[in-house]
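Hi,

Here is the structure I promised to pass on. Please open it before you read the notes below.

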Amino acid sequence: MGNEVSLDATDREILFHMRQDGRLTNVELAKRVGLTPPPCLRRVKRLEEAGVITGYRAVIDPAAMGRGLEVLVDVEISAQDRKSFEKFETTVSSYEEVIEFRRMYGRPDYFIRVAVADHAAYETFLTSKLSGLPAVLRLTSHLTMKKIKAED
């Protein structure tokens, strides 16, 4: 979103219900937010055009896709030049196991979410891909004991 969009209480309620169930029909959504279908649809279209609603997707069980183990990895790199960290970012972004990748302020330099089948697959990923990259100084892996809340 380039420009800030003004959202009123009805817009926020529409977004709340759509986040809970993106497959709601316009008629059902309109009923839940107290509108008739035509103005509700106009609001949804406006939210889409403004970039507030950026897309629709199916949420899939990672285990069903053979990616039941998720590991959070902190990465510190030794490179200080732009070319090296851009190459690192391009390489790591290309790995299918990487489902989220962020450059951080302070330490660690990067935060990576990795999804793989099991511990053996993670070890293979770590040793054959991530730890072999020239810029990597330190890797710290975090295994989740229990997921308390997730919005993705």
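How many bridges pair β1 with strand β4, and in which sense do the two run? There are seven, and the pairing is antiparallel. Here β1 spans residues 69-77, and β4 covers residues 136-143. Bear in mind that this is a predicted model.

β1 has another partner. Strand β3 (residues 110-116) also runs antiparallel to β1, again joined by seven bridges. V75 shows both pairings. Its bridge partner in β3 is Y110, and in β4 the partner is L139.

Next, helix α5, residues 119-130. Y122, F125 and L130 are buried there. Viewed down the helix axis, the buried residues of α5 fall within an arc of 60°, so they line one face. E123, T127 and S128 are exposed, on the face of α5 turned away from the buried side.

What covers the buried residues of α5? The cover includes β1, β3 and β4, along with α4 (82-93) and β2 (98-103).

Look at the start of α5 too. A side-chain oxygen of D118 comes to within 3.2 Å of the backbone nitrogen of A120.

Last, H17. This residue sits in helix α1, residues 9-20. Its relative accessibility is 13%, so H17 counts as buried; the cut-off is under 20%. Leaving aside residues up to four places away in sequence, H17 touches L24, L29, R32 and V33.

Best wishes

Definitions and conventions:
Residues numbered from 1 in each chain as written. Predicted model: local features only at pLDDT ≥ 70, side-chain atom pairs only at ≥ 80, totals over all residues. Heavy atoms only, no water. Helix = DSSP H or I, 4+ residues; strand = E, 2+ residues; numbered from the N terminus. Buried < 20%, exposed > 50% of the residue type's maximum accessible area, 1.4 Å probe, protein only. Contact = heavy atoms within 4.5 Å. Pairing = 2+ DSSP bridges. Arc of directions from axis to C-beta. Polar contact = N/O pair within 3.5 Å; in protein donor to acceptor, adjacent residues only side chain to side chain.
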